[in-house]
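Reader: I would like to go through this model feature by feature. Please give the general idea each time, then the case at hand.

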Amino acid sequence: MLDQIIELDKQLFLFLNGLGTERWDGFWMAYTTKFYWIPLYALLVFFIFKKEHWKMFLVTLVIIAALVTFTDQVSNFFKHNVMRPRPCHEEGLIDLMRLVKSYCGGAYGYFSGHASNAMGVAIFSGLLLKSRFKYLMPLMILWAILMAYSRVYIGVHYPLDVVSGLIFGGLAGWMFYKLNEFVRKKYQL
């Protein structure tokens with residue numbers, strides 16, 4: 001059963017990765033690069049700053065940092081313990097796929113840190129700012145899903161890697177949002 005799932009994941013990877021064209025490579029490489037999203041993160045922080053009392057704002061920043069650290073470290077833990085090779089490190093696949101990125105990344109890819117970090121931030125910020133921005137949550141979820149897809153497009157993750165990352169990130173984002181609300185109520189910030 002597990003072998004069948006892995007084989008289906010490889011076939012889906014080859015299909016999705018094969019949809020790419022040189023015309024779109026630059027877009028997806030930019031999309032997957034965290035540096036280019038600094039303006040979005042700054043905008044979210046600004047909206048949180050406008051919403052919160054300064055003490056709660058500082059607490060929220062610490063919780064966001066803890067969320068990103070948590071999702072990143074748990075994904076690294078899984079990568080080094082599950083030890084599923086990235087598709088770009090699989091000898092049988094490298095000749096069949098498109099590797100858009102010049103560097104493949106670490107040896108292992110299960111599960112995607114990009115996907116978990118993006119979905120964690122999406123859920124946390126969407127829940128925190130839902131009273132001010134009605135459509136922020138769906139837009140942030142779409143942003144995270146596209147971030148996950150970008151990892152398949154450039155050839156560094158299987159679909160199962162990114163779906164697992166999205167699920168974990170979503171749960172982590174919700175959990176850290178609940179922690180934020182607990183602190184707000186407990187300390188009346």
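**Aromatic pairs and other local features**

Author: Being four residues apart in helix α7, Y149 and Y153 are separated by about one helical turn. Helices here are DSSP runs of H or I of at least four residues, and strands are runs of E of at least two, numbered from the N terminus. This is a predicted model, in which local features need pLDDT of at least 70 and side-chain atom pairs count only at pLDDT 80 or more, while totals for chains, interfaces and linings use all residues. Residues are numbered from 1 along each chain as its sequence is written, and side-chain values use heavy atoms, with hydrogens and water left out.

Reader: How many aromatic pairs does the structure hold?

Author: Rings of Phe, Tyr and Trp (for Trp, the six-membered ring) pair if their centres lie within 6.5 Å; planes under 30 degrees apart count as stacked, over 60 as edge-to-face and the rest as tilted. The structure holds 23 such pairs. One of them joins W37 and W143, edge-to-face, at 5.7 Å centre to centre with 70° between the planes. This pair links distant parts of the chain, 106 residues apart: W37 is in the loop between α2 (22-32) and α3, and W143 is in helix α7 (residues 136-153). The rings of Y149 and Y153 have centres 6.1 Å apart and planes at 65°, so this pair is edge-to-face too.

Reader: Which residues form one aromatic cluster?

Author: The cluster consists of W24, F27, W28, Y31, W37, Y41, W143, Y149 and Y153.

Reader: Are Y149 and Y153 buried or partly exposed?

Author: Buried means under 20% relative accessible area, exposed over 50%, and partly exposed in between (1.4 Å probe, protein chains only). Y149 counts as partly exposed because its relative accessibility is 23%, whereas Y153 is buried at 2%. In the other pair, W37 counts as buried at 19%, and W143 counts as buried at 6%.

Reader: At what angle do α3 and α4 pack?

Author: Axes are lines fitted to C-alpha atoms, for helices over the stretch in contact, and angles run from 0 to 180 degrees between N-to-C directions. Helix α3 (residues 38-51) and helix α4 (residues 54-82) pack at about 145°, with axes 9 Å apart. Contact means heavy atoms within 4.5 Å. On the α3 side V45, I48 and F49 take part, meeting F57, T60, L61 and I64 of α4.

Reader: Which rings have a charged end over them?

Author: A charge sits over a ring if NZ of Lys or CZ of Arg is within 6 Å of the ring centre and within 35 degrees of the ring normal. The charged end of R84 sits over the ring of Y158, 3.9 Å from its centre. For K186 over the ring of Y187, the distance to the centre is 5.9 Å.

Reader: What should I look for in the backbone?

Author: Most residues other than glycine have a negative phi, and most peptide bonds are trans. M83, in the loop between α4 and α5, has a positive phi near 60°. M83 counts as partly exposed, at 46% relative accessibility. The peptide bond from Y110 to F111 is cis, with omega near 5°. F111 lies in the loop between α5 (91-94) and α6 (113-128).

Reader: What is E90 in contact with, apart from its neighbours within four places in sequence?

Author: E90, found in the loop between α4 and α5, is in contact with K10, P85 and Y158. The C-alpha atoms of E90 and A107 are separated by 9.6 Å, with the two residues 17 apart along the chain.
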